[in-house]
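Please look at the sequence and the model as they are shown, and I will then go through them step by step.

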Amino acid sequence: MSKDYNYDHYKSVPDPASNVNFKKKKPKLIAVVDEDNCTGCQVCVPFCPVDCIEPVPKEKYDIPIPPVQVRHDECIGCQICAKACTALTWDAIRMIKTEEFEEIYDTEVSG
Ligand code: SF4
Ligand code: SF4
């Protein structure tokens with residue numbers, strides 16, 4: 001008996017990146033992972049077009065599956081990771097305005 005699965009909920013998710021690109025200008029938004037909500041599943045990782053999402057280093061949390069983090073200076077603010085996380089897993093990525101990000105983290109994002 002064949003099952004008629006409905007995959008409509010995947011339509012809001014773009015395809016994973018087919019090749020890695022690089023930042024060309026300062027983005028308007030930066031992705032920030034909410035580490036308390038992130039399961040470390042890494043579903044978001046292959047979606048990032050600039051490959052700037054990575055597991056948090058083992059030194060920070062000594063747990064089997066650490067959350068991920070974004071290398072913020074490489075993020076182009078495309079929001080794809082946030083959409084993928086929300087649609088497929090846990091809604092653990094927030095997009096923050098670059099000016100706010102710089103203020104909160106007392107840093108300057110390069111352009
Ligand atoms: S998809 Fe979401 S929950 Fe999974 S690793 Fe990425 S940010 Fe964390
Ligand atoms: S918004 Fe997410 S997917 Fe896009 S560049 Fe930044 S970390 Fe990568």
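I begin with one residue, V13: setting aside neighbours within four places in sequence, V13 is in contact with K83, A84, A87 and L88, where contact requires C-beta atoms, placed from the backbone, to lie within 7 Å. Please note that this is a predicted model, in which local features need pLDDT of at least 70, side-chain atom pairs count only at pLDDT 80 or more, and totals for chains, interfaces and linings use all residues. Residues are numbered from 1 along each chain as its sequence is written, while chains are lettered from A and ligands numbered from 1 in the order in which they are written.

V13 lies in the segment before strand 1 (29-33). Helices (H or I, at least four residues) and strands (E, at least two) are DSSP runs, numbered from the N terminus. Is V13 buried, exposed or partly exposed? It counts as partly exposed because it has 16 C-beta neighbours inside 10 Å. The scale is as follows: a residue is buried if 20 or more other C-beta atoms, placed from the backbone, lie within 10 Å of its own, exposed if 12 or fewer, and partly exposed in between. The C-alpha atom of V13 is separated by 30 Å from that of Y61, which is 48 residues away along the chain.

I turn now to the chain as a whole. It contains two helices and four strands, and in sequence order these follow the pattern β-β-β-α-β-α. Along the principal axes, its C-alpha atoms fill a box of roughly 60 × 35 × 25 Å. Of the 111 residues, 21% are buried. Among contacts between residues at least 6 apart in sequence, 76% join residues at least 24 apart.

As to confidence, pLDDT is the predictor's own estimate for each residue, from 0 to 100. The chain has a mean pLDDT of 90, with 91% of its residues reaching 70 or more.

Next, the interior. A nonpolar core is a set of buried Ala, Val, Leu, Ile, Met, Phe, Trp, Tyr and Cys residues joined through C-beta atoms within 7 Å. Which residues have the most contacts inside the largest such core? They are A31, C44, C48, C81, C85 and I93, in a core of 21 residues. Strand 1 and helix 1 (80-88) each supply at least two of its residues, and helix 1 gives the most, with five. Beyond its neighbours within four places in sequence, C81 is in contact with A31, C44, F47, C48, I53 and I93.

Two ligands remain to be described. Around ligand 1 there are 15 residues, the closest being C38, C41, V43, C44 and C85; a residue is near a molecule if its C-beta atom, placed from the backbone, lies within 6 Å of it. This shell comprises 11 nonpolar, four polar and no charged residues. Ligand 2 has 14 residues around it, and A31, C48, C75, C78 and C81 come nearest. Its shell divides into 12 nonpolar, two polar and no charged residues. Here Ala, Val, Leu, Ile, Met, Phe, Trp, Tyr, Cys and Pro count as nonpolar, Asp, Glu, Lys and Arg as charged, and the others, Gly among them, as polar.

Finally, a backbone detail. D51, in the loop between strand 1 and strand 2 (53-55), has a positive phi near 50 degrees although it is not glycine.

Technical notes: Contact = placed C-beta atoms within 7 Å.
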